[in-house]
Amino acid sequence: MKLSEFNTRMTPDLIASHPAANRDESRLMVLHRSNGDIEHLMFKDILNFFDEHDRFVFNDTMVFPAKLMGNKEKTGANIEVFLLRELDEEHKLWDVLVEPARKIRIGNKLYFGLDDSMVAEVIDNTTSRGRTLRFLYDGPHDEFKKNLFALGKTPLPYYITREPEPDDVERYQTIFARNEGAVVAPAAGLHFSRELMKRMEIKGVEADFLTLHIGLGCYRSIDVEDLTKHRMDSEPMEVSEGLSERVNATRDAGHRICAIGTSTLRAMESTVSMNGHIKPYSGWTNKFIFPPYEFSTTDALVTNFHMPQSVMLMLTAAFGGYDNVMHAYDVAVDEKYRFGVYGDAMLIVD
């Protein structure tokens with residue numbers, strides 16, 4: 001398929017700039033992919049579509065406060081630094097984006113904090129905007145990370161134009177986040193409250209977790225019309241042996257697997273074997289899914305309403321059927337569903 005086939009009628013006023021007051025009280029559109037039927041519910045109604053021994057698989061990645069404001073040595077110019085990932089714990093090396101990039105050269109020092117207590121030196125140019133920073137900090141690593149993150153802000157997506165607020169620290173994070181490493185929150189998981197997780201437990205719907213640390217690649221604009229030529233950025237992920245055994249046993253017993261979010265589904269499809277089972281895996285994935293694609297690991301998908309021409313929309317269309325999903329997006333626009341990470345959700349079932 002072509003990039004231009006994933007335009008939607010979404011307008012900026014439909015983008016949610018703040019989350020719903022309660023996690024499980026966003027709206028829920030249910031799309032039945034077998035016939036294209038659509039229902040309009042609340043997210044807390046999701047359990048009506050699942051039975052005892054069905055299994056939800058979540059992404060338990062934890063977002064870290066990746067946005068820092070620093071000042072360049074001598075000139076004092078304001079420089080935004082976006083932490084992407086730690087490259088070397090011993091030497092405190094980080095892969096970062098800097099803005100404005102044109103002002104930063106190898107050898108420049110950047111100062112952070114009101115008292116300039118955190119200092120970094122640019123040691124490499126990796127891309128036109130990217131740099132490698134070495135933080136000049138003599139204390140233990142745990143202390144360094146604590147002080148570094150204390151200076152950072154929640155890395156809200158580019159389409160949320162306001163500044164991060166104190167509530168974002170909690171709300172731009174799932175309640176089950178535990179493995180630090182993402183700069184993008186797994187949006188579908190944000191809808192799950194402790195009350196809803198308890199109701200799942202009471203009903204006998206199982207919860208399981210994998211890890212995929214979502215990077216900025218999912219927001220990177222696709223610059224080719226032919227989608228077969230697009231290359232996703234690689235992201236670290238882990239599927240444990242226990243998870244793979246439980247998921248495979250659930251499917252073999254005839255129960256359903258629901259992937260909570262496109263990142264979860266990408267991770268599962270990255271580990272699938274010939275018989276449709278998933279395998280334990282610890283490494284990297286750059287899997288890019290767009291229609292047509294035959295899924296073999298999952299029976300249902302929970303996902304938010306995504307930006308036009310985004311890789312998340314493409315995966316959603318591959319799972320729900322292109323015509324079904326694009327029609328559902330038209331309905332979402334007409335019904336004023338909220339788009340983006342803080343927006344409403346879609347459940348795709350048979």
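View 1. Helices (H or I, at least four residues) and strands (E, at least two) are DSSP runs, numbered from the N terminus. Strands β7 (residues 93-99) and β10 (residues 130-135) run antiparallel and are joined by 5 bridges; two strands count as paired if DSSP finds at least two bridges between them. The model is predicted: local features need pLDDT of at least 70, side-chain atom pairs count only at pLDDT 80 or more, and totals for chains, interfaces and linings use all residues. Residues are numbered from 1 along each chain as its sequence is written, and side-chain values use heavy atoms, with hydrogens and water left out.

**View 2. Six strands form a closed barrel in the order β5-β6-β7-β10-β9-β8, with antiparallel pairing.** Neighbouring strands of this sheet are turned by 45 degrees against each other on average, direction ignored. Axes are lines fitted to C-alpha atoms, for helices over the stretch in contact, and angles run from 0 to 180 degrees between N-to-C directions. Helix α1 (residues 141-151) lies across strands including β6 (78-88), at about 150 degrees to β6.

**View 3. An open sheet of 9 strands runs β2-β1-β17-β16-β14-β3-β12-β13-β15, with mixed pairing.** Because β2 (38-42) and β15 (281-285) stand at the edges with a single partner strand each, one side of each has no neighbour in the sheet.

**View 4. Strands β3 (residues 55-59) and β12 (residues 206-212) pair in the parallel sense over 5 bridges.** Asn59 has Leu210 in β12 as its bridge partner. Helix α4 (residues 241-252) packs on the sheet and touches β3 and β12, among others; contact means heavy atoms within 4.5 Å.
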